[in-house]
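The sequence and structure come first.

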Amino acid sequence: MEILSHNFAPCRHVADTRQNLNNKHLNSRQAKLLGGKRSRVLLVRIHKRVQCASLSAGGHLGLNHSGTNSIVKSFKAPQTSRSADSKVLSGSNSGYVIGGEEDASSISEEGESEAKVLIPALPDESNGERGALISSCFWEWKPKLTVHYEKAGCENVGSPPVLFLPGFGVGSFHYEKQLKDLGRDFRVWALDFLGQGRSLPFEDPAPQYNRENDLEGKETLWGFGEKTEPWASQLVYSIDLWRDQVQYFVEEVIGEPVYVVGNSLGGFVALYFAASNPHLVKGVTLLNATPFWGFLPNPVRSPRLARIFPWAGTFPLPSRVRKLTELVWQKISDPGSIAEVLKQVYADHSTDVDKVFSCILETAEHPAAAASFASIMFAPQGQLSFNEALSGCRKNNIPVCLMYGKEDPWVKPVWGLQVKRQVPEAPYYEISPAGHCPHDEVPEVWW
């Protein structure tokens, strides 16, 4: 599969390019899959000032020409003397695609032409189409710190490696669609951050030796004891921990530089990891990336200020925090609350989120989930801010691609546009209708 550049020549060129790519680059298996898929139609509006910029091979990650999940190859479109802003619409909702050196503030409705683009859907398993086989694995990074991850396409030796990082409260299961589709042609991994998903501990980091809850018939919550186990003495579920987790995962499990993709919190971690380890990263794609994380000061960056706060997410939890955590956790882990959050972040309520809901609920029922949530909430900020990490990526010439769901109620596209202004060469896609998790909501469009 090939990637369709984020900047286009006139509409006829878009259609012709798609046809040429289909004829030239699709193998017989891929062509068969495309022919059998259900499709949706998007309207592409092209601004009158057009320039066909290109994405170098192995460079940015972006929309592909067919709509199936292809992510790392690209083609060079012919150059013209005019610059472009493009729009992508689904139904009556509009979204921007901004590219090149064009400033994000210069978007205009003026002088646009329109073309309908057919976007094939993902493989339909009910019709006998098969995605890649997904394997569920565990990797012990440190004693008692075991990381869960999923992988697909490892038989595709020599193909580009792609690593997906999840948002807060979810895990590798949130990228099932990407693993099934991309895994047919690439090597793909998705991991669960420590303290989330299936990377919660197998043992209690701070056991309660007075089992009053057991006597009352209540399930004992892990991490609520008075004394921490030696293996968890320095444990805090911080963004610095996750950055290091990703670094060692790439070095020890994948074994080579990767394209890294992150949604929400995962976007921040992806950028932070890339800025800290440019030799391990080929490119970064941010999907509605949160531009901040953590409330307390970082002890390395601001040691004096950090000392003001006596507790910053370590185990055991202080008694006052335990009581607060129990109250808050009882509310937010309720199935009704989880369903309400999913309703907020998915713009298209017809999207099937049953499996996502079940996986989140399963995680919430883990005895370590409440204390892990408290650790995450009180963990310090990272040593680099989002903007500093972004500057680090640009300084090291790491390609960055920006993809945002327009209807996200939390990380609104204005944040993506701010990043675009800081990195004007980065392609920016805004898709509608799509919310905070566009990779799950409209995967055939995003990849």
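Axes are lines fitted to C-alpha atoms, for helices over the stretch in contact, and angles between N-to-C directions run from 0 to 180 degrees. Helices (H or I, at least four residues) and strands (E, at least two) are DSSP runs, numbered from the N terminus. The model is predicted: local features need pLDDT of at least 70, side-chain atom pairs count only at pLDDT 80 or more, and totals for chains, interfaces and linings use all residues. Residues are numbered from 1 along each chain as its sequence is written, and side-chain values use heavy atoms, with hydrogens and water left out.

The axes of helix 9 and helix 10 come within 10 Å and cross at roughly 135°. That makes helix 9 oblique to helix 10 (under 35 degrees is roughly parallel, over 145 roughly antiparallel, 65 to 115 roughly perpendicular, the rest oblique). The table lists the residues in contact (heavy atoms within 4.5 Å).

| Helix | Residue range | Contact residues |
|---|---|---|
| Helix 9 | residues 335-345 | Pro335, Ile338, Ala339, Leu342 |
| Helix 10 | residues 354-364 | Val356, Phe357, Ile360, Leu361 |

Helix 5 (residues 239-254) has 16 residues, which at 1.5 Å a residue should span 22 Å (1.5 Å times one less than the number of residues). Its end C-alpha atoms are 21 Å apart, in agreement. Just after helix 5, Gly255 has a positive phi of about 85°.

Phe292 sits in the loop between strand 10 (281-287) and helix 7 (303-306). Beyond its neighbours within four places in sequence, Phe292 is in contact with Phe268 and Trp415. The C-alpha atoms of Phe292 and Ser264, 28 residues apart along the chain, are separated by 9.9 Å.
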